[in-house]
Amino acid sequence: MSAAHPPDRIPDDVVQLVAQARRPVVLTGAGISAESGVPTFREVQTGLWERFSAQDLASVEAFEADPALVWTWYRWRQSLIRAVEPNPGHIAIAEWQQLPGVGLTLSTQNVDDLHERAGASVLAHLHGSIFAHRCFSCDEPVELPDADYDGFQSPPAAQPPPTCGACDGPVRPGVVWFGEMLPTEAFEQTAAAVRAADLVLVAGTSGIVQPAASLPLLALERGTPLIEVNPEETELSELMDHCVRGPSGEVLPKLLRG
Ligand code: BV8
Ligand code: ZN
């Protein structure tokens with residue numbers, strides 16, 4: 001059963017767990033980018049999309065039903081991500097990864113590039129990347145210039161996706177939609193890293209979306225210490241040895257003070 005700690009009273013043994021880990025694995029979700037200003041999946045949508053939840057739009061069915069609405073949502077999200085900066089939580093993970101003697105593996109459910117822009121190397125984007133595009137029909141990768149939306153304002157109207165140069169199909173974002181398989185290698189490599197880890201830290205995820213949310217179970221079955229960083233209780237909290245109840249941008253730098 002997990003012990004929950006406020007960010008201003010993190011026990012030394014939790015800081016020691018982090019300091020002594022030689023093969024830590026960090027698994028992150030939308031919450032780690034929240035303090036950068038990137039909305040999480042649980043947050044309410046505004047503008048063109050206010051009558052939809054993110055989950056309603058992140059699917060093949062939604063794209064087929066209204067390609068312009070879904071395409072514009074992704075292009076708007078891209079422009080917001082381009083306009084914001086990594087936060088101290090992203091930076092703390094990158095600094096931890098660079099410590100001598102530490103072989104830290106980082107995998108994320110996030111489709112943004114904020115971990116990379118903080119200087120971290122990411123083993124796997126389990127749900128793809130919002131900056132990759134491919135043809136919806138023939139899977140041909142497609143390079144596109146950035147959208148010219150203002151990421152802090154919702155775009156005025158939905159615009160249809162461009163078409164593929166090879167087969168005239170619509171271009172789609174290179175993310176994993178609900179009902180789609182995760183990239184097998186990305187998932188398997190992350191699972192292998194969790195199995196070999198001497199510490200697993202889970203930050204900023206509600207632990208709802210499968211199969212990513214089952215990765216911490218691979219640590220639990222081996223008795224590998226598990227730490228959660230999240231201001232709220234989640235589906236994973238009861239698996240954890242320690243839960244630090246605070247925002248990752250505040251907690252992660254403190255965990256590394258060791
Ligand atoms: C699959 C990319 C099957 C897109 C995403 C019924 C119908 C269809 C499918 C299912 C179903 N029931 C179950 C499923 C499976 C489904 C699923 O798990 N559904 C859930 C809702 C029950 N999973 C899938 O569909 C997956 N594929 O199963 O394929 C299959 C099998 C065989 C063959 C073919 C197919 C695919 C799932 C991937 C979906 N794509 N993203 C995009 O970005 O647009 S998921 C998306 O949502 C995110 O990537 C992320 O993974 C997830 C949101 O989760 P979080 O990251 O946790 O974010 P969330 O907003 O939920 O929570 C934020 C957390 O941060 C909170 O806990 C909050 O407290 C915390 N927080 C807030 N602020 C901070 C903070 N933490 C720290 N610091 C802060 N400052
Ligand atoms: Zn095509």
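A polar contact is a pair of N or O atoms within 3.5 Å; within protein, one must be able to donate a hydrogen and the other to accept it, and residues adjacent in sequence count only if both atoms are side-chain atoms. The legends below describe a predicted model, in which local features need pLDDT of at least 70 and side-chain atom pairs count only at pLDDT 80 or more, while totals for chains, interfaces and linings use all residues. Residues are numbered from 1 along each chain as its sequence is written, chains are lettered from A and ligands numbered from 1 in the order in which they are written, and side-chain values use heavy atoms, with hydrogens and water left out.

**View 1. Polar contacts of ligand 1 with Gly204, Thr205 and Ser206.** A backbone N or O atom of Gly204 is 3.3 Å from an oxygen atom of ligand 1. For Thr205, a polar side-chain atom lies 2.8 Å from a ligand oxygen. For Ser206, a polar backbone atom is 2.6 Å from an oxygen atom of ligand 1. Taken alone, ligand 1 exposes 1,500 Å², and the protein buries 74% of that (accessible areas from the Shrake-Rupley method with a 1.4 Å probe; for residues, only the protein chains shown count as cover).

**View 2. The shell around ligand 1.** There are 34 residues around ligand 1, and Arg42, Tyr74, Gln109, Gly179 and Ser206 come nearest (a residue is near a molecule if one of its heavy atoms lies within 4 Å of it). The shell divides into 16 nonpolar, 13 polar and five charged residues. Here Ala, Val, Leu, Ile, Met, Phe, Trp, Tyr, Cys and Pro count as nonpolar, Asp, Glu, Lys and Arg as charged, and the others, Gly among them, as polar.

View 3. The protein chain is divided into domain 1 (1-38 + 84-127 + 181-258) and domain 2 (45-83 + 129-175), with bounds from an automatic or database domain assignment. Their centres, taken over C-alpha atoms, are separated by 28 Å. Nine residues from domain 1 and 10 residues from domain 2 take part in the contact (heavy atoms within 4.5 Å). Ligand 1 lies between the two domains because both give residues to the shell around it.

View 4. Gln78 lies in helix H4 (residues 67-83); helices (H or I, at least four residues) and strands (E, at least two) are DSSP runs, numbered from the N terminus. At 2% relative accessibility, Gln78 counts as buried (buried means under 20% relative accessible area, exposed over 50%, partly exposed in between; 1.4 Å probe, protein chains only). A polar side-chain atom of Gln78 is 2.7 Å from the backbone oxygen of Ile130. Not counting residues up to four places away in sequence, Gln78 touches Ile130, Phe131, His133 and Ala147.

**View 5. Ser237 and Arg245.** Ser237 sits in the loop between strand E8 (226-229) and strand E9 (242-244) and is buried, with a relative accessible area of 3%. The side chains of Ser237 and Arg245 are joined by a polar contact of 2.9 Å. Leaving out residues up to four places away in sequence, Ser237 touches Ser2, Glu228, Cys243 and Arg245.

View 6. Gln210 and Pro211 are joined by a cis peptide bond, with omega about 0°. Pro211 is in the loop between strand E7 (199-203) and helix H8 (215-220). Asp139 has a positive phi of about 70° although it is not a glycine. Phi of Asp168, also positive in a residue other than glycine, is near 75°. Asp168 is exposed, with a relative accessible area of 58%.
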